[in-house]
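Please open the structure in your viewer and keep the sequence panel beside it.

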Amino acid sequence: MFIDKVKIYIKAGDGGNGSASLHTEKYVPNGGPDGGDGGKGGDVVFVATTSENTLNAFHYQKHFRAGNGENGGRQRSFGKQGADIIVKVPVGTVVKNADGDIVADMFEDGQREVILTGGKGGRGNWHFKTSRRQSPAFAEHGVKTEQYEVTLELKTIADVGLVGFPNVGKSTLLSVVSDAKPKIANYHFTTLSPNLGVVKYYDTTFVMADIPGLIEGASEGAGLGHSFLRHIERTRLLVHVLDISGSEDRDPLADFELINNEIYSYDDSLKELPMIVVANKMDMPSSEENLQRFKKKYGKKYQVIPMTTIIHEGVDELIVAVAKLLETLPPLEPLQFTPVKLQKEETDDFAIDMLEEDVFEVTGGLVTMLARKVNIDDYDSFRYFQRVLKERGVIAELRKRGAHDGSTVIVGDIEFEFVD
C-alpha cells in the first residue's frame, strides 16, 4: 500500500487558566491576590524527514493533539507549558488547509514548521489588582484552541522523472542506472508506487524517480493518474521511455503523444520542462523502422537515445545526456506560494447586530477576549466587564444603534439589561 495523500486532524494545546488565589498566611493580614498565570498550550510542529517516503503512517493515526497548559497556582506559581507534538512527514510533503490553500511546503530534511500555536495561558488575579479593586476574586481563562483538518500531499523531490506507459522498461532502467531495486516483471498494469534512485556521474549525483500511474485519462483521474501526476511537478527534467518496438501492438508515436497530453493536461506549466526520449527495446523486431519514423517527426525537438536496457546498451549515453542537461537547469526549489495561516489572529474588534426589536448582540474578538476574563457571578468581575464595554466604545455604539433603558444586550454567554 502506498499512500501519498491523506487528511488528518490537528489541535494545539489549550492555555491553562489563571488562578484567582488570595494570599493567606499567619500574621500577614490582607495578603492580597497571588494567583499565578496559566501555562501556554503546546504547539503542533511538523518536521520533514528522509526516513519516511510515504504517508502510510497517517492511515492509522489521524488525530494529533498537543498538550494543554497547566493552570496557575498560589503564590504566583505559573502553570507548566503544554508539551508540543512533533508530526514527522516525508520530505516533499505539502500541507494544505480544508480549502486547498498551502500552509507549508516541507521541502528540506530537518525543516521545522509550527503549524498551530498553543493557546495563551490565562492571567492570574494579581494582574487585575487596582487601587480601587484590592482583592479581585477573578482570573483569566486560558485560550481554547480549535481542531483543524489539513491535507497532506506528498510530491516526490527528484531531479529527473521517468514517464511512459506501463511495461515500457522504466523500472528496469531505474534499476540499471541507480541503486534502486524496484519490482520488475512483465506487468501489463502500472507500478503502485513511485521508486527513487540516486544516479552517480563522476563527482555529481542526481535523483531519478519512476513516475507510475500514467495511462489514458490519467489527468482526469483515471486509474491512479492524479495520485502520481503530482510527483512530476517538482522534477527538473523528464525522461520519456518508449517501447519503440511496439511489441504489444501499440504505436510508439501514438503512445508518446498520449502520455504527453496527459502530463500537459494535468499542468500546462509542465510544457516548460525539458524532455529526453528513450527509445527502448531496440533489440526487438520493427524497432529500427519505428525509430526512424519517430526521429522524422520529433527528432528536431527532442534528443532521442536508442536503448536496450536489458543489456545496458545506450545507458551510459543517457546518463551523460541527463547530467549535462541538468548542469544548465536551475536547482530544485520549494513551491512558490503565499503561506496561509490556519489560526486567526486574536483581535479586539466588535460588531453589533439587532436580532429583533430591543434585542442587540455584540460579537467579535472583543467578546472572545471578555469571555475568558469575566465571571458573571463575581461583582468585581462584572464591574470590570462593564468598564471594558464602556472604554472600548461598545456602550456608545449601542446607543447609536437605538439601545435604551430596558433593551436586552447579549455579549457571548452573558445577557443583561441595558441601563443608560
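The stops that follow begin with the whole chain and end with single residues.

**Before selecting anything**

This is a predicted model, in which local features need pLDDT of at least 70 and side-chain atom pairs count only at pLDDT 80 or more, while totals for chains, interfaces and linings use all residues. Residues are numbered from 1 along each chain as its sequence is written, and side-chain values use heavy atoms, with hydrogens and water left out.

**The whole chain**

Show the chain as a cartoon, where eight helices and 18 strands can be found; helices (H or I, at least four residues) and strands (E, at least two) are DSSP runs, numbered from the N terminus. Along its principal axes the C-alpha trace spans about 100 × 55 × 35 Å. The radius of gyration of the chain is 32 Å, whereas a compact globule of 420 residues would have one near 22 Å; this radius is taken over C-alpha atoms, and the globule rule is 2.2 Å times the number of residues to the power 0.38.

Switch to a surface next: the accessible surface comes to about 21,700 Å², and 47% of it belongs to carbon and sulfur atoms, with areas taken from the Shrake-Rupley method with a 1.4 Å probe and, for residues, only the protein chains shown counting as cover. Of the 420 residues, 50% are buried, where buried means under 20% relative accessible area, exposed means over 50%, and partly exposed lies in between (1.4 Å probe, protein chains only). Among contacts (heavy atoms within 4.5 Å) between residues at least 6 apart in sequence, 72% join residues at least 24 apart.

**Colour by confidence**

Colour the chain by pLDDT, the predictor's confidence in each residue from 0 to 100. The mean for the chain is 85, and 91% of the residues reach 70 or more. Select residues 184-191, over which pLDDT stays under 50 and for which the model has 19 contacts beyond four places in sequence. Then select residues 217-226, where pLDDT again stays under 50, with 22 contacts beyond four places in sequence.

**Helix H1**

Select residues 170-177, which form helix H1; six of its eight residues are buried, so the helix is largely enclosed by the rest of the structure. Which residues of H1 are buried? They are Lys 170, Ser 171, Thr 172, Leu 173, Leu 174 and Val 177.

Move to residues 365-373, helix H6, which is mostly covered, with seven of its nine residues buried. The buried residues of H6 include Leu 366, Val 367, Met 369 and Leu 370, and Arg 372 and Lys 373 are also among them. Their cover includes strand E16 (359-363), helix H7 (379-391), helix H8 (394-400) and strand E17 (408-411).

Now select Asn 375, in the loop between H6 and H7. Is Asn 375 buried or partly exposed? Its relative accessible area of 35% makes Asn 375 partly exposed. Beyond four places in sequence, Asn 375 touches Ser 381 and Phe 382. Draw a distance from the C-alpha atom of Asn 375 to that of Phe 256, 119 residues apart along the chain, and the separation is 71 Å.

**Ile 410 in strand E17**

Select Ile 410, whose place is in strand E17, and which is buried with a relative accessible area of 16%. The C-alpha atoms of Ile 410 and Glu 361 are separated by 4.6 Å, although these residues are 49 apart along the chain. Not counting residues up to four places away in sequence, Ile 410 touches Leu 355, Val 359, Phe 360, Glu 361, Val 362 and Glu 415.

**Phe 58 in a loop**

Select Phe 58, found in the loop between strand E2 (44-49) and strand E3 (63-65). Phe 58 is buried, with a relative accessible area of 5%. Leaving aside neighbours within four places in sequence, Phe 58 is in contact with Val 6, Ile 8, Phe 64, Val 87, Lys 88, Val 89 and Leu 152.

**Two residues with positive phi**

Most residues other than glycine have a negative phi. Select His 312, in the loop between strand E14 (303-306) and H5, where phi is near 65 degrees. Finish at Asp 358, in the loop between strand E15 (351-356) and E16, which has a positive phi of about 65 degrees although it is not a glycine.
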